[in-house]
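User: I would like to go through this model with you, beginning with the contact between the chains. Could you take my questions in turn?

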Amino acid sequence: MAHEYLLEMRGVSKHYHGNYVLKGVDLKVKAGEILGLVGENGAGKSTLMNILFGMPVIHTTGGYEGEVRLAGETVRFANPGEALSAGIGMVHQEFMLLPGFSIAENIKLNREPLIPTTLSRFLGTRLSKVDMPRVRGDARRALDTIGLGIDEMLPVLGLPIGFMQFIEVAREVDKSGVRVLVFDEPTALLTESEAGQLLAALKRIASSGVAVIFISHRLEEVLTICDNITVLRDGEVVTTTPSAGATLTMIAELMVGRQTKRPPLGERTVEPSDDDIVLELYNLEVDMPGEEVRGVSLAVRRGEILGIGGLAGQGKVGLSNGIMGIFPARGSVKKDGLEIPLNRPGEAYKHGIAFLSEDRKGVGLILDRSIEYNISVVATLTKGDFLKRLPIGAAIRDRKTATAYAEGAIEDLDIRCTGPTQRLRHLSGGNQQKVCVARALALKPEVLLVSEPTRGIDVGAKEKILDLLTGMNRQQGVTIVLTSSELAELRRVCDRIAIIYDGRLVDILSPDDSNAKFGLAMAGKKVSEA
Amino acid sequence: MSLRERVSKSVSDLGLPRLTVILFLVSLFIVGGIQGVPLGDLVNSSIGRFSMNALLTISMVPAIQCGIGPNFGLPVGIIAGLIGLVLSMEMGFTGFPGFMVASALGLSLGAVFGVLYGHLVNRVKGQEMMVGTYVGFAVVSGMCMFWLLMPFRHPRLIWTLGGEGLRVTISLSDFFSNVLDNLLAIKIGAIKFPTGLVLCVGLIAALYRLFEYTRAGIAMDLAGQNEQFARAAGINVERMRVTGTAMSTAMGALGIIFYAQSYGFVQLYTAPLMMAFPAVAAVLIGGASPKTASISNALVGTLLFQTLLAITVPVSQSVISGDISEIIRLIVSNGMVLYALTRGPGGGNNGS
C-alpha cells in the first residue's frame, strides 16, 4: 500500500509565546482503527486536535511545526471548514443541537437535501425546499448505524443527555466521505449502559473503514475498545502501545509520569494528626456548574497542607467554593467543632477561614484599584481592621496603616510594582496572585483554602507562591487546603492528597505513593478495587 | 519625557471630553473678552449655576458607586423634593423655617421613594439606565395628575381661576427664595458669592466623602465595583444597591430644593422630565464612568458643564445676535450621555 496510515501527524510541535505545549508529537491511525489518546489535563490533547482541525487559535498564535498527512498527502488546514470537507469530523463534548428541531433535522442541519423551486432557480439555493423524506431517510440510516432505535422525528428538547450525545455522533456518521472521526470525551456525561452502547456504535463506525481517535479520561473504556493507545505527557508522546497486553495500572502510570523527588519543606514542632481536626466536612454537596460536588466527607488536620487533586470538571474546585458560600451547598462544615452556616458568604471569614479563588480576575481582585486597597479591603470589611475612629465617633478607613501593611507585604512577598498605590491592572499575573496571597495573609487566617494558585503564572512566580504557602504553613502554622490541577505541585508541598472524581472523594493518598496509584485514583479507581 | 509624551500623557490623564470642554470654554472667554462682554457677569452666573446644580450632580455619585450606574431615575428624587416644597408652603411656613421643613420632608420622602426604586432596579440588573429613564418619565407623568387633583388650598400655590390644582410655576418670593444664597453672602464688585449654599453643598460633599471611608461606604463601593468579589466577602449586594439608590434619590430631593430656592421658583408638572440628563452629563464630563465616580468628578463636572451653559448665552449673543445656548446644552448633555452609554467599563481618570 502506498500509505499504510490514513492519518499521520509527524513531529508536530506547537508553542505559545515560546512556551512549548507540544514537542515533536507523532500520531498514526489506520483506516478502521480506533486510537485512544490519553493524558492528564494540559498534556496537549486539545492542542493536537486543534492543529488537526486548523482551528483559528493555532493560526493566530503563530501556527505549528511538523506535518499532518491525510492518506499520504500533506495537508495544512487553514480553518475547520477545510478540515471538515477533507473528511475529518469531530464529536464535541458540548452539544451543538437546536432543541426545537427534530432529531432528523438536527442530524442534517445545514446539509439538508434540497428540492429546487421556481424561486430558487432565480434567486439561489437559499430559497429551495428541504427534501423532508430524504432528511428522514438519511437520519434513520445514520441512527441505525449507531444502533439507536429512536423515532427520528422527535424533537431534541427533553431528550435525555445520553441521546443527545448519540445524535451528535449520528450527525458525524451521516456526513458522506468522513474518513477520520475524533471523539472528545464522548462518554463523560453518559450512564454506564449508555456508554456501553456508544462504544459499540464506535466499533461499528470504525469497522466501516473510518479512522477513529478516541479521547477519554475513562481508561477502562480506552482499554476495551481501542486498538492502539497513545499516551501524551507534557506535550510529548510517552508511548504508543497496542491495547492488547496493556493494563490499567501501566497506562495510568505512564500518564502521570516519573516520580519527582520531594525537596524537604522544613520541620514542624507538632506533626498534624487525626487527633486534632480543624476543619470537618460532612456529606458536602456543591452546585458549582461544571464542578459539582456530590457528597464529600473529609477531615482536615490542624497544621497540615492537604492537597485536593483530580481532573478538571470532577468537582475538586467546587469544594472550597462551597465552604466559602460562593456556590449553593448542602451538608455540613465544621470548624473546631462549630458549624459554619452554608450559603452565607462571609461566614467562613468570620471563622478564620480565608480563600484564594481560582477565579482571580472575577472573585479575587479589583483590577482598577490600588495594591493597598486590594490587600486590606476584605480585612476591613470582615474583621474591621485598618480602621481608625474619628472624634465624632465614626470609624473610617485608615489609609496610613493599610499602606504601611501593604508596603511590608510588597517587601515580604516580593511583589514587583512601583508602590502600594499602583493599580492592579498594571501588574503581571504572578504579581497579582501575590497580592491575593497578601490579602489572605492580612486576614490572619487559621485555615487557608487555596484554589489553583499557580494557574496562568510564570515558572518563577509559581515557585515563589508555593514557597510562600509552605512558609505560612511552617512558620505561622496555618492549615492549608490546596486545590490544584497540577499533581506534581501537590506532591511537592502536600502532606496528604485527596483525589476527587465524579464529585466524590476517591482516596486520600500520600505524596510518596506510586504514580499508578495516583493515575488510578484520578480515573476514579481506588487501588484496592483495581 | 519628551514634550510630545508629556502632552499625550496629560491629555489622557484629563480625558478627551474634559479637554474639549475646557478648550471650548477658554475660547468662549477669549471671544467674550474681545467682544466686550462683562466678565464679572459671566463669573457671577457661572458660580450661581454651579452652586444651584452641584447637589443634583453629586446625587449621581452614590448611584454609580453602588453599581446601578448614573441615576437616570433622578426625577423620582426630584418629585420627592417638590412634594416637600409644596407641602411646606401649603402649611404656611416661610423663610428659613419653611426651607428647613421642605428639606426635612423632601429628604425623608426621597429616602422612602429611593428604597422602593432601589428594589425595582434590583430586578432589572444590567438595564438600570434604560429602566431608570422610563421610571423617571412615568413618575413625572403620573405626578401631573397628583399636582392637579390634590386638595391644596394656599392661594399662592393654586390656579387663580378655578381655584383648584397647583400652578405650573410657583414663585418662592413670598416663601423662602434665596434663603441659602443670601446666608453670609459675600459681594465683591459685580460678583455675588452664595456662601450659604456653597457651604451646605460643601458640607454634604464632605459628609459623603467621610461615608466613603466607613465600612458601609467601602462595602457599597465594592458591591458596585465587583459583585462577585463583594458577595464572596459577605456583602449583601442587593441591600447595598438599595442603600446607594436611596441615598442618590434623597440627595436628588434635597438638590431640587436647593435649586428652587436659588432659582426662586418651583416648577411642577413636566419640568422634572429631563432633569436627570444635565446631572448625568455633568458627572460624566467630570471624569466619572458608568462604573466609577467620585465627589470631585461631580464638582469638576458641574463647574465645567454649568459654566459652559452660563457663558454661551451672552457670548453667542454678542457674536451672532442669537441664542445658541439651548442648542449647545442639548448637544453637550445628550452627547455626554450617549458617550457614557457607548463607552465600555474602565478608562477615564477617576476613583481612588
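User: How many residues of chain B are in contact with chain A?
Analyst: 19 residues of chain B are in contact with 21 residues of chain A, contact meaning that C-beta atoms, placed from the backbone, lie within 7 Å. This is a predicted model, in which local features need pLDDT of at least 70, side-chain atom pairs count only at pLDDT 80 or more, and totals for chains, interfaces and linings use all residues. Residues are numbered from 1 along each chain as its sequence is written, while chains are lettered from A and ligands numbered from 1 in the order in which they are written.

User: Which helices of chain B supply that side?
Analyst: Helix H9 (195-213), helix H10 (215-225) and helix H11 (227-232) of chain B each supply at least two residues. The largest share, five residues, comes from H10(B). Helices (H or I, at least four residues) and strands (E, at least two) are DSSP runs, numbered from the N terminus.

User: And by residue class, what is on that side of chain B?
Analyst: The side of chain B that touches chain A has nine nonpolar, eight polar and two charged residues. Here Ala, Val, Leu, Ile, Met, Phe, Trp, Tyr, Cys and Pro count as nonpolar, Asp, Glu, Lys and Arg as charged, and the others, Gly among them, as polar.

User: Switching to domains: how is chain A divided?
Analyst: Chain A is divided into domain 1 (1-86 + 179-257), domain 2 (97-175) and domain 3 (277-522), with bounds from an automatic or database domain assignment. In chain A, 12 residues of domain 1 are in contact with 10 residues of domain 2. Helix H8 (residues 192-207) of chain A gives the largest share of the domain 1 side, seven residues.

User: What does strand E13 of chain A pair with?
Analyst: Strand E13 (residues 277-286) of chain A runs antiparallel to strand E14 (residues 293-301) of chain A, with seven bridges; strands pair if DSSP finds at least two bridges between them. Glu280(A) stands opposite Ala299(A) in E14(A). E13(A) also pairs in the antiparallel sense with strand E16 (residues 329-335) of chain A over six bridges, where Arg330(A) is the bridge partner of Glu285(A).

User: What is in the hairpin of E13(A) and E14(A)?
Analyst: There are six residues between the strands, and Gly290(A) takes a positive phi near 85°.

User: Last topic: which residues does Val212(A) contact?
Analyst: Leaving aside neighbours within four places in sequence, Val212(A) is in contact with residues including Ile34(A), Leu181(A), Phe183(A) and Leu202(A).

Conventions:
Contact = placed C-beta atoms within 7 Å.
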